[in-house]
Amino acid sequence: MLVLEKNALSDEIESFVNQYGNDRASLLQILQAIQRKHKYVSDFAQQEVARLLNIHPVEVYSVITFYSFLCTQPKGRNIVRLCRTISCDMAGKDAVEDAVKRELGISFGETTKDKRITLEYTNCLGMCDQGPAMLVNEKVYTHLDPETAVNILNEIK
Amino acid sequence: MEIEKTNKRTGPVIFSEYSRSEGIKKALEMGREDILFELKGSGLKGRGGAGFPTATKWMLTAAANADKKFIVCNADEGEPGTFKDRILLLEYPHLVFDGMVIAGFTIGAKTGIVYLRGEYEYMLSDLEEYLMKMHQSNLLGKNILGRQGFDFDISIRLGSGAYVCGEETALIESLEGYRGEPRNRPPYPVNTGYMGYPTVVNNVETLASVSHIVVKGGGWFKKHGTDKSTGSKLFSVSGDCNKPGVYELPWGTSVKELLEIVDAKNTKAVQVGGASGTCIPKTQFNRVLAYEDAATGGSIMIFNESRNMLKVLKNFMEFFVEESCGQCTPCRVGNTKLLEGIEKIERREFTFAHINNLKELGRTMQVASKCGLGQSSPNSFISILENFKEEIFHTDGKGQSNGKA
Amino acid sequence: MVKRDIRIPVSQQPLVVDKPKDTSTIGGMVSIQINEKKVSVPFGTTILEACKQNQIHIPTLCHHPDLCIAGVCRICVVDVEGMRTLQTACSFPVTTPIRINTSTPMVRKARRHIIDLLLSEHYGECYSCFRNGNCELQALAKEYGVDGYTFGHTDKPGREVDKSSASVIRDMSKCVLCKRCVRTCIDLQEVGVLEAIDRGHETHIGTFLDKPLADVICINCGQCINRCPTAALRANDPSDEIWNAIDNPKKHVIIQTAPSPRAAIGEEFGVEPGHSFTGELNTALRRIGFDKVFDTNFTADLTIIEEGTELLNRLKKVIVDKDESVKLPQFTSCSPGWVKFIEHFYPEYLDYLSTAKSPQQMFGAIMKTFYAKEAGIDPADIVTVALMPCAAKKFECNRPEMTASGYKDIDYGLTTREMAKMIKEAGIHLPEMPKSHFDEPFGDASGAGLIFGATGGVMEAALRTVYELVTGREVPFDNLVIEPCRGFDGVKQASVKLEKCVEKFKFLEGVELKFVVAHGTANAKKVMEMLRRGELNDVHFVEIMACPGGCLGGGGQPIPTNIDIRKKRAEAIYEEEKSLPVRKSHENPHINYIYEKFLTEGPCGHLSHKLLHTHYTKRGKYIS
């Protein structure tokens, strides 16, 4: 990473720390803010957070790896999470899953070459009455079928 | 938003008439003692699934001696098949927030925190806007509705995709910036909760119920439901039925009645209480939904004759293997062993001796795991293997009976 | 409400329970029933503690007396009447008159299941494991009569062994996730290298970004090894190379033994803690085949002379020359864990650290120069082995700057555990050995060098010498025992007034020589923060040891460790010291000899600087 980029990231993290507070209880909020903006929390960002909250970098890493929505590796610009819990499964998740994989040419857990989309599974989204459901970033889509799901994914930038 | 209007059946309690801030006004008139009295009289128990008496929780926190106290609204609705809190938060936020203000007033807390699951981030802006409006109407902030010295504020914190954070002590750890690993209990949150201060953690629906109880009285609430399970309950119904959705039904409704209401046909099994609940076969459909019989935090999943119960069970166990926090042995390793057992059955490589060992292991997990997750994750394993023996063990694994047509 | 330290999650904190205002129980005691026995215990006592006090055995695994409660292994579950689930004895405080059953069928089955579950994922077989016979999981399996693998047994290692560190090897396929190492690293030592990573079944103990240990800010103290119940953590064992050197007739293999291993090695042979085996060890080492057996205390004395002189030089520069570039207080530098700790965490304060090498490294430098010359041996053929209580010494001897002699000053750092293994391998039962002396000329040392092993020992030894050099009189303490230096308080502070100074040190007349002693890096951190806040401005000398209790509690010492064991080891060291003829470093005749014959410019002279002093690296905390 360039020094300038590092400085910019440091400043940004510092502003998050100022916003949420510099105690341990703010850790998750700060990490969520970084994740929202960059789609991952880089090595450098983790150490900056640790420095500013006066905790150990491994504690930051430990917390990130605990939560499914936080990650330490870069991902696509859009994260698509398909619910794989039983209600969505019974409502036709498998067909949606296959269609999406075929259309994007990637498997779940992977990112498209153009970094547009990362496909992931998630556990129950609380949309069991309207399955199959998926999250695109924080937005939820329900009553999917193979065609609508693919259309949604093709529309996102 | 792409969510459709949810099928909803209103009932006489949660979805009964209630005008905004009514509960807060009434609470301020009543005073703490009376609120606790009504709450106790109502017999309200925690709606998240564990069923701890709400009045007791509040009294313990109210009695605790501390310079700060907290109210936490558990909106980490993650139990597979549960979505009633989604409806409450989207359509009835006033019931929930009023309940928090009433709780703050009653136990002497100045801060309320809503722990909203990360999956519900799309609700965040609407909820925050609603809180802003409450501020403007002096339903939050300083000297609420003119009551000198009654200050209370609510903030919303997001989860980040961890089912176990619905466990109240894991939720508190998460709020404090740690991994969502449940704590040793005792001490309980009512004594040592968020940041070490006495804390009430209540489910969304519990707080919504409180608002009604304060306005309409504990006796009114108690008229509904059964002796041990008072009031009514929101059930999130999904799976094989024509009318999935959220249903307010009195406790004591039988599984059979519920199936009729939601128009379910050819039902083979009903999973009551989500992945951590129990699976009820056809022969037991006269069982009733209540704390004393088939307890549930609201999740009802319906399976018709075409479903493969082993596959259902596998889906549940995969969920637990991934969502266990991983700190305690019975849950971390135990769930993996149960899943491996299911895979062995799938491959037809099992022995009954081993399956019996695993059921015994499940019983150990129920009593030796650190928190509710590990204590309840074997429920579906045990109940499905017991109740669907014929289908699972006496067939070729594809639903075809061995040697039978 | 419970007062708590915000840094540590509640789940990992020691349990403190408020006493109720209204105790109907008399004197804060609670009457409980354990099995059939009615007993009375103080309010807030854990069930585990209550059982221990009443001779009722409860198995434990994640519990460790040095660490806060975790309650994660669940092996200590008991039945508390009226409770729906079993409760962990280690975490459950007695606050009401409960009835406890410690051996119901449910309890026994649960424990057995938990052991079975742990074994199913614990890679390897006991007979091919270095902890065979001293493994807590193995002991539990035996206690519960495990005679098969109910839930299977993994036949392939789950994770790669991390051998990157010079000091600590991590084999996570043997880890039972008790988190003792995490609690040791974060809470006890406040180094913060290890934590639980990932969730659910993927949970494992790891470093930042799961990097190899050598690439993170591990200080190599090895305290995690001492507390690991299984073989998941061990020291980097050089004994095969040492055997090779011994078996090679061309090599002249020298071993130096430090006082702490001598006070603890008996434990490896089934002897109660608190007995030194110095003389027996000398015999055993010769039988193993070491060519020379020397005493590290000799260079401990040398360290005192060098470090003491450095202190006096610094004092002069500050008081007389008003040289503002010279830093006080001077910090000791003999603990390699502490040195790496300050290099990582307080690199801006490295100028406060004494430049004197540790006794181990001084020894090597002298061996491969002065000794080689006197004995007429090519230093290239000399192999220097150091028997140390320490894991960090392995890293220290591999530091690139530790080659002032033209060779690697010390070739191998060997821990007490590894030494015991070599002795056993040679067919020797140590306690039965006849006693013998060290070899000359580096076999006579003062008691001052000996007490280096306990926290405060370096300070005590230094004061005996410095005070006497400055005033011409012995330190004003009974029998040379400087009591304020002793004991296991985390941070100790005291002072001694310098009066009637000799001519050379008149500038110190009336100075109150203030010193601070700390052990364990968590306490070191406290001291460094005091320094940062300017609270040590009037302090002159600070002793820091990385390990709790000092070297006797080192990461290379026999397993298990706890406060009682460490106290007994300290007693053994102080007991041995009492009987020594020379108890002040500057009175060691061999020390005077070496300054006459070799280091002729005297302490802190040119040659001393080259051979006996070192420099440090500003490592910092950033992990790239």
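In this predicted model, 14 residues of domain 2 of chain C are in contact with 17 residues of domain 3 of chain C.

**Chain C: domains 2 and 3**

- On the side of domain 2 of chain C that touches domain 3 of chain C, helix α5 (residues 223-227) of chain C gives the most, with three residues.
- Sorted by class, this side of domain 2 of chain C has seven nonpolar, six polar and one charged residues.

**Contact between chains B and A**

- Chain B puts 44 residues in contact with 35 residues of chain A.
- Four elements of chain B give two or more residues each to the side that touches chain A: the strands β4 (153-158) and β6 (232-239), and the helices α7 (168-175) and α11 (309-323).
- Of these, α11(B) provides the largest share of the side of chain B that touches chain A, with five residues.
- The class make-up of the side of chain B that touches chain A is 16 nonpolar, 16 polar and twelve charged residues.

**Chain B: domains 2 and 3**

- Chain B has a three-part assignment, with domain 1 at 8-222, domain 2 at 232-304 and domain 3 at 309-393.
- Between the C-alpha centres of domain 2 and domain 3 of chain B there are 22 Å.
- Nine residues from domain 2 of chain B and 13 residues from domain 3 of chain B take part in the contact.
- Two strands of chain B, β8 (267-272) and β9 (278-281), each supply at least two residues of the side of domain 2 that touches domain 3.
- The largest share of that side of domain 2 of chain B comes from β9(B), at three residues.
- The side of domain 2 of chain B that touches domain 3 of chain B comprises five nonpolar and four polar residues, and no charged residues.

**Chain A: domain layout**

- Chain A is assigned domain 1 (3-66) and domain 2 (78-155).
- The centres of domain 1 and domain 2 of chain A, over C-alpha atoms, lie 29 Å apart.

Definitions and conventions:
Residues numbered from 1 in each chain as written. Chains lettered and ligands numbered in written order. Predicted model: local features only at pLDDT ≥ 70, side-chain atom pairs only at ≥ 80, totals over all residues. Contact = placed C-beta atoms within 7 Å. Nonpolar A, V, L, I, M, F, W, Y, C, P; charged D, E, K, R; others polar. Domains from an automatic or database assignment.
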